[in-house]
Every structure is written in C-alpha cells, then in structure tokens.
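Keep the structure open while reading.

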Amino acid sequence: MDLKYDIIVIGAGHAGCEAAAAAANLGSKTCLITMDMNKIAQMSCNPAVGGIAKGQIVREIDALGGYMGLVTDRTAIQFRMLNRSKGPAMWSPRAQCDRAKFIWEWREILENIPNLHIWQDTVEELIIEDGVVTGLVTCWGVTFHAKCVILTAGTFLNGLMHIGRKMLAGGRCAEPASYHLTESITRHGVTAGRMKTGTPVRIDARSVNFNLMDTQDGENDFHRFSYISEPRKLKQLQCWTCFTNEEVHNILKSGLADSPLYNGQIQSIGPRYCPSIETKLVTFPDKPQHQLFLEPEGETTNELYLNGFSSSLPMDVQLNALRKIPCFKDVVVYRSGYAIEYDFFDPTELKHTLESKIVKNLFFAGQVNGTTGYEEAGGQGIIAGINAHINCHGGEPFILNRDEAYIGVLIDDLVTKGVDEPYRMFTSRAEYRILLRQDDADMRLTERAYKLGLVKQDRYELLCKKRAAIKELVDFVKSYSIKADKINDTLEQLGTARLVHGCKLIDLLSRPQISIENIAPAIPAFQALIDKIDFRKEEIIEAAEIQIKYKGYIDRERMIADKIHRLENIRIKGKFDYENLNSLSTEARQKLMKIDPETLAQASRIPGISPSDVNVLLVLLGR
C-alpha cells in the first residue's frame, strides 16, 4: 500500500465528500478517511437539502462542479421552491430526500472518481512538524503522509450525547466519538471550543393518524438543484403538519428539571435558529402552540422525521408529550430525540481559503468551523478541496467574494466575525442577495470553475449556450416595438391598462401582470424566438424575465458592490503594527490584532471596527 497522498480528507460527511471530490477531480491524489463507509454523506438530522439561503448554496456547489445538487435531485422525494410570494432574490429550493439512497448515490460517485481512495478508520493524531501538517496516525496505528490535510469531522470530536440525565459518548446515535484528535491540534496553538446541537424523535408511520393532519404537497415543475440534472425519478411524497398544545407543553415543562439544557449538564451553546422544543417553551412562554412538520425519511420506509420537535428531555417525557397531540395518540417511535456536544475550532484563525493561519497546509471545513447544516458544510468543503489542491500544485488562492456567492458570505463571516453560536446561513446575511439568486449561480460561478479545471468542456459549452439564449431574449424585448392597437385587447384580458401610444416590449414586461409566458402568444415574432430554444426552455425564460423585471435593482446593487470592491483591493495585511496605533480605539486595536485582516474591506466588517477606524487606516495608508 502507498500511504502517501497529496491530500487527505478526514471525515466523509457533506463537507468531506465535496472536499475529496473537488481535490481528486482537479488531479490531486486524494484519500478520504471515514469511520464507516456505509454512512458516507449521512443526513444526521433532517432528511432534506436546501431551504432559505441554503438552497442557493447547493446551487452554487453545483455550479462549481460539486455533487450535492446532483445527489439531491436523484434522491428527492419532494421538491418545493420556498418564498415564492417574495421576489426572486428570496426564492430558495428545498427537497426531501431518501436518506438511504442519498448515501449510496454519494458513495457510487466517490468510488468512481479517479485519484480518490477511501479508507475506513478513525484518525487519532495529526503529524505536525515545524508548524506544517505532514500526515496523520489512525486508531489502528496506520500512518499516512500528505502535503495537505482537510479536517471535516462534524460532531464527532469528543462527541457527547444527552437524553435527560443520561450521557453517552458518541458522534452520532449508535456511532463512536473521535478522541485525541482535538488535543493533537490544540497543542500547536489552535483554539477549540464546544457547541451543541440536537435532533428529534423518529416516528413509525403505521402509528400515525394522518387524517388529523394537514398535508403539504410538493411541486413538480422544471426547478431542480443541479443545472445539469435530469427530471426527478423517485416517487414524490407528501409531508404533513400539526401543532402542539397546552397539554403537550405542560408535560414537557414537567421534565425541565431533567433537561440537560437547564440542569447545568450542557454548558455549550446551541443553535439559535433551530431550537429544541423545550427551548421554545422557555423562550416563548405565552405561545399556546408550535407548528410541527412530519417528513418522510425515504421512498419506501415507514420512518418519519418530526421537524420542530428536537429535544434532549427524558425519553418518557418526549413520548408522553407526543401522545397528547391527537394525530399521535397511539404513536410508536423508532428512537427518541437527543442533544449532542462536540468540539469546534475558532474560524477566525483561518484564511479565506479555509487554511489554518497557525498550521500550514491544514484546512478546516464544516461543523468543525462552528457552522450548522449540510449545505454550509458542503460549501466549505468544496472551497477547502480546491485550495488544498492549489497548495499542492501551485496557483492563486480560490476565494469567493461576498457579491459572488453565498459561500463567499459564509466564509467571510466565519473568518472575519467568528462564531459564538452555531452559524446558519440566511438571505438576510447577504448584503447583495439580488445578485446572489438561485437562478443564476451557474452564471456567477461555472466559468470560474471551468478556468480552474473543475468544470469540464461540455458543461461550459452548455453554460455558453444558455447565456446566449438569455441574451437573445433580453435584447429582443429591449428593441422590439409594440403598437397600441395590436396589443390592447390582450392587455385588457390580462388585467392591465391599455396603451395610449406604442412602446418597447421591455416596458410592458415591467408590469407585474405581464410575463413572457402570457404576452408571447400575442407577439408572433417573440413566440417564434422562444420556440427556437431547444433546451432548458423554462429555466432560460425564468432567468431572462428576472433580468428584465429587476434590471434596475440588479444594476444598483452591482454598482454598490463595485464601490466596495475598491476597499477589497486595498491590502493591509502586514502593513500596520495595530498594537501601537493609538489613533484607533482600544477595541479596534484588539480586534485587528486578533483577525489580522487581508484587506480594508474585511477590516470594515469586523464587529467593533467603526467607520472612523477605517478612515484612520485610509489616512495612514495615504501617508
């Protein structure tokens, strides 16, 4: 066996799979080490991918040549586009997936990537020499050597599970934790901390009265996660909703004395935006009910996931409370919910490439950076994999800006602001969300990935063809003149005002009642142009219409982003002795010393850095 690699990835969760695939596809000899090959890309909690802002991240991963979008489409059992009532900047795809098929789709992909080996084992120690990682040692005493190591260990580092007062070591239910690895890293000066997350009860569908629940159907239009996927093949299933009540709340409250969240057993911080049911009761004591979502775990299984009922209360409390909800009167569960504590590392000690500032060639991605969610992990994984390959073979660091991708926002937030709770992406975190829509991730990122070598020629040609088709539609509506007498009857039928004078077609399409789909039949030349499109027609029409209707907003946000880029281009790393800059506030000096930002724009985003501090730095740069 040759145990020397360019890149070793520790952990085969969502970050690890994307990291290993990217590095190997770029040409690095890569090894992915996992405790259990049958749990590759396991969906540890919710059997779903996407959601608000998370769906955009998955489309970005796909646009960069990653696999999460493809795997999701192949295993989807329900798809929905969230936030349709809002503007396209907020539209977010989400899919329920078959948990078991998701694992095997990923495994089949990974096993067939050239340059990629998989090794089943547990890593116990990194080998670090003179501040550079050179390899690792596993629990079976096997030594690997590598130019770069990517750590994506999820919740496994010193993982500790809680159900009531009962504690059990583990990285996931029925899976062992990873020991000693954290200590082998922190002894070199890397800062670690503890976080907490949780998961809800899993329910047997045969014990549920679905007649007492509301159904939530999916959608089956052209939308998908991957820009190159075929239509979904699995049977599309329903989800269901119900509500807790006062009886449920009283039983849950009776168990708070035994809750590890409130009896001092758990000291670490849990996710603000995905709280346990007991946290909801304490935080919102006057709320009489909380909505729950019952979601299928697969196409054929009876196992259901109860979204909104994450809990670490004693098992009997969880079960007795559930049985006070009418649809769960006779409920049978496969397993109870639990909480888990795990180690993470301070992400402000990372570069934007996700390489450690302290240990050269050591990269961190996923929950070990203080994030939560499969999508956030996958986004970090592909960036870490790309940059580890660049470290091995040369080239400029691959960094996404905040106006290029939600992945760029995510990583910049992590390395600039750090985390004091598990980080979750939202559209509100992105100041340029009109530029970062789910429909145009390929337009933003695929050409960059092609130049890198991660996207192949055939996919790049598909992008060029799509871009040309969109441009042709947009150019047509800008130049085509409409006569009032030819269109007024159609306008009246569509519920919008008649024209007094002629206008350009683009002016009509700016009206909310008018769409390309409903106006084209009345304009033969326009319809003929649409009929010429022989691939991804609905996708192209939607993208063109968004560009037409929201042009003013898009242009304005692009102008603002370009102004900020001027600060991004002003590099300040290594130019100041912050400790002795008395013209800065004490807080600013402390924060700048800790983060040591690369650019003036990054400095401006550090919490505690005021506009006056930025101006001081600008003046000093002028001197």
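## Strands and hairpins

M161 has L168 in β11 as its bridge partner. That pair belongs to β10 (residues 160-163) and β11 (residues 166-169), antiparallel strands joined by four bridges. The two strands form a hairpin with two residues between them. In its turn, G164 has a positive phi of about 60 degrees. Note that this is a predicted model.

Two further hairpins share strand β8. On one side, β7 (residues 123-129) pairs with β8 (residues 132-138) through six bridges, in the antiparallel sense.

The β8 and β9 hairpin has four residues between its strands. G141 in that turn has a positive phi of about 80 degrees.

| Strand pair | Sense | Bridges |
|---|---|---|
| β10 and β11 | antiparallel | four |
| β7 and β8 | antiparallel | six |
| β4 and β5 | antiparallel | six |

## A three-stranded sheet

Which strand order does the open sheet of three strands have? The order is β3-β5-β4, and the pairing is antiparallel. β3 (48-50) and β4 (76-82) are the edge strands; each has a single partner strand, so one side of each lacks a neighbour in the sheet. From one strand to the next, the twist averages 15 degrees.

β4 and β5 (residues 92-97) are joined over six bridges. A76 is paired with C97 in β5. A helix covers part of this sheet: α2 (residues 54-63) lies across β3 and β5. The helix runs at about 85 degrees to β5.

## Two helix contacts

Two packed helices are described by the angle between their axes and the distance between the axes.

Take α9 (residues 374-393) and α10 (residues 406-417). Their axes come within 10 Å and cross at roughly 85 degrees. The two helices are therefore roughly perpendicular to each other. From α9, the contact uses E376, G379, Q380 and I383; from α10, it uses I407, L410, I411 and L414. By class, these residues are five nonpolar, two polar and one charged.

Next come α12 and α16. The axes come within 11 Å, with a crossing angle of roughly 175 degrees. This makes α12 roughly antiparallel to α16. E472, L473, F476 and V477 of α12 meet A525, F526, L529 and I530 of α16. This contact has seven nonpolar residues, no polar ones and one charged.

## Cavities

How many cavities of 30 Å³ or more does a search of the whole structure find? There are four.

The largest cavity holds about 90 Å³ of space. Its lining is made of Y227, I228, D442, T446, R459, L462, L463, K466, F535, R536 and E539. Five of these residues are nonpolar, one is polar and five are charged. Helices α11 (441-452) and α12 (457-479) each supply at least two lining residues. α12 gives the largest share, with four residues.

The second largest cavity has a volume of about 80 Å³. R59, F222, H223, R224, S226, Y227, Q438, D439, K466, E539, E542 and A543 form its lining. Helix α17 (residues 537-549) provides the largest share, three residues.

## R536 up close

Setting aside neighbours within four places in sequence, R536 is in contact with R224, Y227, I228 and S229. L322 lies elsewhere: R536 and L322 are 214 residues apart in sequence and 45 Å apart in space, C-alpha to C-alpha.

Methods: Residues numbered from 1 in each chain as written. Predicted model: local features only at pLDDT ≥ 70, side-chain atom pairs only at ≥ 80, totals over all residues. Heavy atoms only, no water. 1 Å grid on protein atoms, 1.4 Å probe; cavity = no way out; pocket = protein on both sides within 12 Å on 5 of 7 lines; lining within 4 Å. Points joined across faces, edges and corners; volume = space filled by probe spheres on them. Nonpolar A, V, L, I, M, F, W, Y, C, P; charged D, E, K, R; others polar. Axes fitted to C-alpha atoms, helices over the stretch in contact; angles between N-to-C directions. Parallel < 35°, antiparallel > 145°, perpendicular 65-115°, else oblique. Contact = heavy atoms within 4.5 Å. Pairing = 2+ DSSP bridges.
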